[in-house]
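Please look through the structure below.

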Amino acid sequence: MATMHYHDGQDVRLGDIASFGENDRCKVVVLIDEQAALEGYIAEEWGYLGGGCVLLAGSAGLVHYPPGALGEDVGVRLLERA
């Protein structure tokens, strides 16, 4: 199981609040590799994506990041731990 990281190297945790681009925010709602999800989400339903995490962004809705991809996106920065 690979730990996902933000661009600055901090671990991604379930429930984190992060920036999503310049003017939006998102919340980490599913960690696929860890089979963990916030209430209202079922981690197993996302397993077909092969890993990574799912974010709920205000403007974009649910967004999947494959393993390693979140760390490359400088627009997603940790703002607040759950």
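S1 and S2 run antiparallel, joined by three bridges. Strands here are DSSP runs of E with at least two residues, numbered from the N terminus. Two strands pair if DSSP finds at least two bridges between them. This is a predicted model: local features need pLDDT of at least 70, side-chain atom pairs count only at pLDDT 80 or more, and totals for chains, interfaces and linings use all residues. Residues are numbered from 1 along each chain as its sequence is written, and side-chain values use heavy atoms, leaving out hydrogens and water.

Stay with S1 and S2. Ile17 has Lys27 of S2 as its bridge partner. The two strands form a hairpin with five residues between them. Gly21 in this hairpin takes a positive phi near 80°.

Val30 has its partner in S3, namely Ala37. S2 and S3 make a hairpin with four residues between them. In that turn, Gln35 has a positive phi of about 55°.

How many of the seven residues of strand S2 are buried? Five are, so this strand, residues 25–31, is largely enclosed by the rest of the structure. Buried means under 20% relative accessible area, exposed means over 50%, and partly exposed lies in between (1.4 Å probe, protein chains only).

Next comes Leu38. It sits in the loop between strand S3 (36–37) and strand S4 (53–57). Leu38 is partly exposed, with a relative accessible area of 23%. Its C-alpha atom is 8.3 Å from that of Val28, ten residues away along the chain. Leaving aside neighbours within four places in sequence, Leu38 is in contact (heavy atoms within 4.5 Å) with Leu14, Gly15, Lys27, Val28 and Val29.

Now turn to charge. Side chains of opposite charge can pair when their charged atoms come close. A search of the whole structure finds one salt bridge (a side-chain nitrogen of Lys or Arg within 4 Å of a carboxyl oxygen of Asp or Glu). Asp16 forms it with Arg81, and the closest N and O atoms are 2.8 Å apart. Asp16 lies in the segment before strand S1 (17–19) and Arg81 in the segment after strand S6 (78–80), so the pair ties together parts that are 65 residues apart in sequence. Asp16 is buried, at 1% relative accessible area. Arg81 is partly exposed, at 27%.

Asp24 lies in the loop between S1 and S2.

Last, Met4. This residue is in the segment before S1. Met4 counts as buried, at 8% relative accessibility.
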